[in-house]
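Here is a briefing to read alongside the sequence and the coordinates. It goes by topic, from single residues to the contact between chains.

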Amino acid sequence: MDVVLDNLDVFWRGMRTTASLTVLSFAMAMVIGVVVAACRVSPIPPLRAAGALYVEAVRNTPLTVLMILFFFGLTKVGIRYGTFTTAVIVLGGYTGAFVGEMVRSGVNAVSLGQGEAARAIGLTFPQSLRLVILPQALRTVVAPLGGLFVALVKNSSIASLIAVKDLTYLTNQLGNDTARYIPVFLGAAVAYLAITIPAGIAIVWLDRRVAIRR
Amino acid sequence: MSTSGVLVLGDELGPKGRRRVRIATGVSLVIVAGLMVVAVRRLDDRGQLDWERWEPLTQWSVQKFLLLGLWATVRAAATAMVLALMLGALLALMRLSQTPPVRWLAAALIEFFRGVPLILLIFFTFFGLRRYGIDVSAFRALVIALTVYNGAVLGEVFRAGIRSLDRGQTEAAHAIGLGYWQAMLLVVIPQAARRMVPAIVSQMVTLLKDTSLGFVITFEELLRRGRSTGEFFGNQLQVYAYVAVLYIVVNFTLGRIARWLEIRQRRRLGASTIVVGGTDDLLTTGVQAVGTIGYEAGGLGGSAADRGVAG
């Protein structure tokens, strides 16, 4: 157990990196997701096709493959970022496809009368989407989006593949160095749970708060 | 499906709206085409479109090497899936048990293994167990980690499936004199299992994708072999892109099967299915377990067109 206690600073550094990875890429995923969802429900065929293509391609590719493809592949065309930035872009882009699907399902859940009413008072499509549909749609998908966030905390561990020094990377290294795998592993698990459990509680609270009562 | 009936707008567009849509279509086509031109030129400038970089992919020996990698991926995924289904069933039954300590143990195991990133589990089963004198091959280490993780996830799927069944079914079973196990095996599980099929197939997609993590422990699966190929020929970008396409084809097919099963299910039973896996790996969390029980399949991801079919 003292392996963990002696190296609390390692865990703490890892948790901070994991947390910032998660938060930044989730913010990016939200932006991408809303744009993708807007494309997919828009009346414009090329945008719908582009949105669908993005979602299907990204959802069906393992995150590991995307991470490696971007890290090793894009340098070949002269696009080069640091590992942390690359990880944020890949995680954000990957999660964005899922956010897009959820927001779209949220849009489908908004009753048809809302869209019709928006049009009846003369709002254009972008206006009705932005002012009427999306605010309601997002509120209905808070719980699934929260689930995505928690999953993203865990998925961010894939960044350790490209040597981002997150919780997984640092604890694996610590396990290697000290040869005391079980306590370090349990410590890492606790550290992850220390992020995911409070996040889960916050989501349930938020979901209750913004839920639309019909 | 008429595009103008698009979901939110509800009714047909007028002449002005149609014109606007036409203009927007033109503009967005130009933008999409422009982006593609930029990307292609960039690739071309760096010589990434040169034939000699793609040529290795047309060699049979290279294809065979990669496809054997895909086969290893499928083999590991299939083994882990079968084991995870068994573990999941066990965990679900434990969690529904009438003995509190058994219930608590199952809950703790499920929460723990679902809360830990899979890659950490894989590191542990491969590097960790080795330190304690348990020598496992990369294949076994990967299968063990995948089994434990997906067993925990499937345990929740099964529990949600069993709980989604009307209480009256169990009560009726007890009323005609069946005991706990008889009621479970003869009445509850057969009905619940049918509802869970789509979620299980979706979880298979997730598991297959996760198998690519075998990469980190030098398991010779598709991605690892892609890397060797890319390093050998110096065409990483091309090979990784090809690997991604292979994954997309396999997973897309599985995803379609899941969707088809789900629609067929709803049409036949008129019942909602369990959607834990419906949105893939990203919903495998504690919060979701609560949320998913009541979710109707159409609510997540089902498009209006599909609903029309299923409705």
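A residue counts as buried when its relative accessible area is under 20%, as exposed when that area is over 50%, and as partly exposed in between. E101(A) has a relative accessible area of 5%, so E101(A) is buried. The model is predicted.

**Salt bridges**

- Over all chains, the whole structure holds eight salt bridges.
- One of them pairs R40(A) with E101(A), with 2.6 Å between the closest N and O atoms.
- R40(A) sits in helix 2 (residues 8–41) of chain A and E101(A) in helix 5 of chain A, so this pair ties together parts 61 residues apart in sequence.
- R40(A) has a relative accessible area of 14%, so R40(A) is buried.
- E101(A), its partner, is buried at 5%.
- E171(B) and R167(B) also meet through their side chains in a salt bridge, at 3.3 Å from N to O.
- E171(B) and R167(B) are four residues apart in helix 7 (residues 167–175) of chain B, so about one helical turn separates them.
- E171(B) is partly exposed, at 44% relative accessibility.
- R167(B) has a relative accessible area of 63% and is exposed.
- A further salt bridge joins the side chains of R225(B) and E220(B), at 3.0 Å from N to O.
- R225(B) is buried at 16% relative accessibility, while E220(B) is partly exposed at 35%.
- Through shared partners, salt bridges link R40(A), E101(A) and R104(A) into one network.

**Chain B as a whole**

- Chain B has twelve helices and zero strands.
- Its pattern along the sequence is α-α-α-α-α-α-α-α-α-α-α-α.
- Chain B has 311 residues, and 50% of them count as buried.
- Among contacts in chain B with a separation of 6 or more, 72% are between residues 24 or more positions apart.
- Chain B has an accessible surface of about 14700 Å², and carbon and sulfur atoms account for 64% of that.

**The interface between chain A and chain B**

- How much area is buried between chain A and chain B? The value is about 6100 Å², and carbon and sulfur atoms give 70% of it.
- In chain A, the residues that lose the most area to chain B are R119(A), K154(A) and F185(A), together 11% of what that side buries.
- The contact involves 72 residues from chain A and 73 residues from chain B.
- Between the two chains there are zero salt bridges.
- Six residue pairs are in polar contact between chain A and chain B, counting pairs with both residues at pLDDT 80 or more.
- Several helices of chain A each supply at least two residues to the side that touches chain B, including helix 3 (45–59), helix 5 (83–109), helix 8 (142–155) and helix 10 (181–210).
- Helix 10 of chain A gives the most to that side, with twelve residues.
- By class, the side of chain A that touches chain B has 41 nonpolar, 21 polar and ten charged residues.

- Where does S212(B) lie? S212(B) is in the loop between helix 8 (180–210) and helix 9 (222–233) of chain B.
- Is S212(B) buried or exposed? Its relative accessibility is 0%, so S212(B) counts as buried.
- The side chains of S212(B) and T64(A) make a polar contact of 3.1 Å.
- Setting aside neighbours within four places in sequence, S212(B) is in contact with P62(A), T64(A), E221(B), L223(B) and Y247(B).

- D210(B) is part of helix 8 of chain B.
- D210(B) counts as buried, at 14% relative accessibility.
- Beyond neighbours within four places in sequence, D210(B) is in contact with L118(B), L146(B) and Y149(B).
- D210(B) and L118(B) are 92 residues apart along the chain, and their C-alpha atoms are separated by 8.2 Å.
- M102(A) is in helix 5 of chain A.
- M102(A) has a relative accessible area of 1%, so M102(A) is buried.
- M102(A) and V190(A) are 88 residues apart along the chain, with 29 Å between their C-alpha atoms.

Technical notes:
Residues are numbered from 1 along each chain as its sequence is written. Chains are lettered from A and ligands numbered from 1 in the order in which they are written. Side-chain values use heavy atoms; hydrogens and water are left out. Buried means under 20% relative accessible area, exposed over 50%, partly exposed in between (1.4 Å probe, protein chains only). Contact means heavy atoms within 4.5 Å. Accessible areas come from the Shrake-Rupley method with a 1.4 Å probe; for residues, only the protein chains shown count as cover. A polar contact is a pair of N or O atoms within 3.5 Å; within protein, one must be able to donate a hydrogen and the other to accept it, and residues adjacent in sequence count only if both atoms are side-chain atoms. Buried area is the accessible area (1.4 Å probe) that two parts lose on being put together, summed over both. A salt bridge is a side-chain nitrogen of Lys or Arg within 4 Å of a carboxyl oxygen of Asp or Glu. Ala, Val, Leu, Ile, Met, Phe, Trp, Tyr, Cys and Pro count as nonpolar, Asp, Glu, Lys and Arg as charged, and the others, Gly among them, as polar.
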